[in-house]
Amino acid sequence: MPDPHAVGVTGAGKTYGGGVEAIRDVTFHVAPGEFLTLLGPSGCGKSTLLMMIAGLLSPSRGEVTIDGARVEAPRPDVGIVFQSPTLLPWRTVLGNVLIPIEMLRRPRREWEGRARELLTMAKLGDFEDKLPHELSGGMKQRVAICRALIHDPKLLLMDEPFSALDALTRDQMGQELLRIWERYRKTVVFVTHSIREAVFLSDRVLVMNARPATIALETAIKLPRPRTIEMQESGEFNRHVGVLRHAIEAYA
Amino acid sequence: MSARSLGWPIAVGIAFFALWESIVVALGVKPVVLPPPTLIGRVLWTRAPLIVEHLWPTFYEIVLGFLLSVVGGMLVAVVITYSTIARKGFYPLIVVSQIIPKVAVAPLLVVWFGLGGPSRLLLAFLIAFFPMVINTATGLTGVDDDLVRMARAYMGNRWQIFAKIRLPAALPLVFGGMKISITLAVIGVVVAEFVAAQRGIGYLIVMANGLLDTPLMMAAIVALSAMGLALYGAIALIERAVIYWQPTSEPARGGFA
Amino acid sequence: MTISRRTFLSGSAAAAIAAGGARAAGAQGATKVKFTLPWIPHGGYSHVFVAKKLGYWEKRGLDVSIDRGFGSGEVCKTLGLGQYEFGSLDLGVMINCVGKGLDLVATGGLSPRSPVGIFSLAKKNIRAPKDLEGKKVAFATGSGDFQLWPAFVKATGIDDAKVQKVFMGPEALIKSLIEEQVDAEGNFYGSIAPSVWAQGLDLNLMLYEDYGVRMFSLVFATRSKIVKEQPDLCGRFMDGVMEGLAYTYLHPNESVDIHLAMVKEFQGSSTNRDVVKHGQGVMTAMGLVPDVEKNGLGFMDPEVVKRTRETVIAYMGAKDVPAADQLYTNAFAGRIKLTPAQWSGVREGVKRYVPVKA
């Protein structure tokens, strides 16, 4: 029977060389097309967990799978966005978006059309020949998101992608992200320390506490989609926020 | 470089030469000790064919020695970046080789390799290759770890990471190294010519000095300096074309503006 | 044929060589020969440029290239290692290098009088060795004149401790004397005098040999291997250079012109021409000794060679130096001779260059 879970984390633990236990016994699953958020204070291991799903770190204990297969190394059906855009300063916007294609040794020509499509959709259509130093922080992250989608991955991993941006840009980017996600319906595992952001974006939120990281609480966000900024005023929204905050404070 | 920013060095230069000329004339300094700029200029003009004839072989050897040191230095840098054994084994030797004054080694090189081009090229190479090694190695290893992690996340292999990430990221430092190396290559070849050449601008300087023909000697030095400046400028120009994504290592304009 | 080095160099084969050397070029075409001067090509070496320009080697089937040298010590090495076929250098330095294992033999004399000594501007009034006490004297590090300074001190009995010595690179010596940064300096007559005279100044000099430190100075040399295996080549080369030397003695002005034409770096001013002219005059003057007038150009007095060898052993720390007769040969010397009348004319012409003991 094919594994119904897009991502499976079972009993995962991570201990570093000096005996520091970063993660202890974390188990969760992500359904295909689901938007899942890992929420917790900074430095509590949620990024480490994401790196294990990405195949950049291996778990000391337990197992991480994608589509039922154990994750051993980075995979071509995964796209990742980091906290800083990590664009190559010497490449144009278009050149940066096409990086995954180059690394996978696919012919660049065939994918340029898709790259332009993604950029247009991210409202960067006129900027394809610009260099990163000519863009604002928000624009650079949008390029990074396009890059994460160019090779049509099934899974999108995002590690606090908006925390380096100012609050206004952050809200805008959240909306942009939802718009893109609605369009392409990828599975998303999102990491943040912002409670409001977690509620606004996700289908489900896992609250994590500090080292060693474990899951403190799991809650489903029962807000209708598409989500709008106005929803952030509603009582339902703030009830969710309250629950999450309580969980974080209780287990801090 | 705008016309305005060129104006300042020219103005300072003219003031300097005017001062020099007047001091020499006023104090009655003998040309054999310090010739006035006008005399040097006249010699530069009247004996230009001789000076150019000697400038050419020096230029050729400088460029060749420089290219060898760039290629050699970068290769060594790549090796010591990617091989721990190479780094631990060779790096201390490379450092020691730099501490030995090359001028002291020059006569030995002549005994082993003869009085010809190979000795001079070797000397220029030995002097000029160390900055290339250091700068290239620092550039390759100093690349932002986030960029490397991003490349790994997108399944880049070691070669792709080297060619597409480390090498371009290292270019600013590589060019910084090249600007130092070209200067050292000039020094290396000219010094080698003092002790092991039958032609070249260094040879001309020694010959002029041997006859106490100070005006010719200084004219040769001026020609040598102009050539060195042109070579450095060529590298700076190439740097600006290649490193288009950030300001280069040239001093910033504007100051406190 | 295997002849021992000793018998060979004693000249017993001279007749055979003389016959061979006078032969014109063979059918093969010119033999390439590399020759090095001891230092930069200043006026004292006009004879080699004359020999080349006027075809004295060409007509003997030799295509000679002339390189500048970097001091007699370096010439020993490059000549001894075979980078040159022939060279010109100081005999004392050559003997020292033979003691160190280099294979060199002198094939003819150029300057029997040693130009090494202490020089000062006339205005300083340093006329006798004792006048050096309390003065500042410059030497070039590693120079022959400094190596022989102890011999000079011994021969003249001056108090070495009272002489203040400073050291500098050879290039700086002459200028520092002219600029009076030092009172006197050790140098070579042929190097220092022309430059100082061209500046319109006058020199006082004390040549070591006038105070008993007798050394043969510049000679032509090659590896003994070449003397043994290619005596014909040696003969042709030496005849060419001696013919050039004769021309320089007899036609000094034309020689200066030829020199300047072939060494372009020295053109450009009358001062430069004077330096070349004086340098040539000095070298000619230093070659005027009775036994050369009697035996022909290039002849080396065996007694002087012996004395040179002894001085080298005593003052230059040379060990394992072969006997004097293994260090030189007169087999190629004396084949070009001037008449007594010609010698007279030469002497008259270089009267002002003959160093006079103050």
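This is a predicted model: local features need pLDDT of at least 70, side-chain atom pairs count only at pLDDT 80 or more; totals for chains, interfaces and linings use all residues.
View 1. Helices (H or I, at least four residues) and strands (E, at least two) are DSSP runs, numbered from the N terminus. Angles run from 0 to 180 degrees between N-to-C directions, and axes are lines fitted to C-alpha atoms, for helices over the stretch in contact.

A word on conventions: residues are numbered from 1 along each chain as its sequence is written, while chains are lettered from A and ligands numbered from 1 in the order in which they are written. Local features need pLDDT of at least 70, side-chain atom pairs count only at pLDDT 80 or more, and totals for chains, interfaces and linings use all residues; side-chain values use heavy atoms, with hydrogens and water left out.

**View 2. An open, antiparallel sheet is formed by four strands of chain A.** The strand order is 2-1-4-5. Strand 2 (21–30) and strand 5 (69–70) of chain A each have a single partner strand and stand at the edges, so one side of each is left without a neighbour in the sheet. Two strands pair if DSSP finds at least two bridges between them; strand 1 (residues 7–15) and strand 4 (residues 61–66) of chain A do so over five bridges, in the antiparallel sense. Look for A:Gly13, whose bridge partner in strand 4 of chain A is A:Arg61.

View 3. The peptide bond leading from A:Arg225 to A:Pro226 is cis, with omega near -5 degrees.

**View 4. Helix 3 and helix 10 of chain B pack at an angle of about 35 degrees.** The axes of helix 3 (residues 48–82) and helix 10 (residues 214–242) of chain B are 11 Å apart, and the crossing is right-handed. Residues making the contact (heavy atoms within 4.5 Å) include B:Ile51, B:Leu55 and B:Phe59 of helix 3 of chain B, and B:Leu216, B:Met227 and B:Ile235 of helix 10 of chain B.

**View 5. Helix 7 and helix 8 of chain B pack at about 145 degrees.** Here the axes of helix 7 (residues 145–153) and helix 8 (residues 158–196) of chain B lie 10 Å apart. On the side of helix 7 of chain B, B:Leu147, B:Val148, B:Ala151 and B:Arg152 meet B:Ile161, B:Ile165 and B:Arg166 in helix 8 of chain B.

**View 6. Chains B and C share the most contacts of the two pairs of chains in contact.** The interface brings 30 residues of chain B into contact with 26 residues of chain C. About 2400 Å² is buried between these chains, 62% of it on carbon and sulfur atoms; buried area is the accessible area (1.4 Å probe) that two parts lose on being put together, summed over both. In chain B, B:Met207, B:Leu211 and B:Leu212 lose the most area to chain C, together 29% of what that side buries. C:Lys264 forms a salt bridge (a side-chain nitrogen of Lys or Arg within 4 Å of a carboxyl oxygen of Asp or Glu) with B:Glu53, the closest N and O atoms being 3.3 Å apart.

Conventions. A crossing is left-handed if the near helix is turned anticlockwise from the far one by less than a right angle, and right-handed if clockwise.
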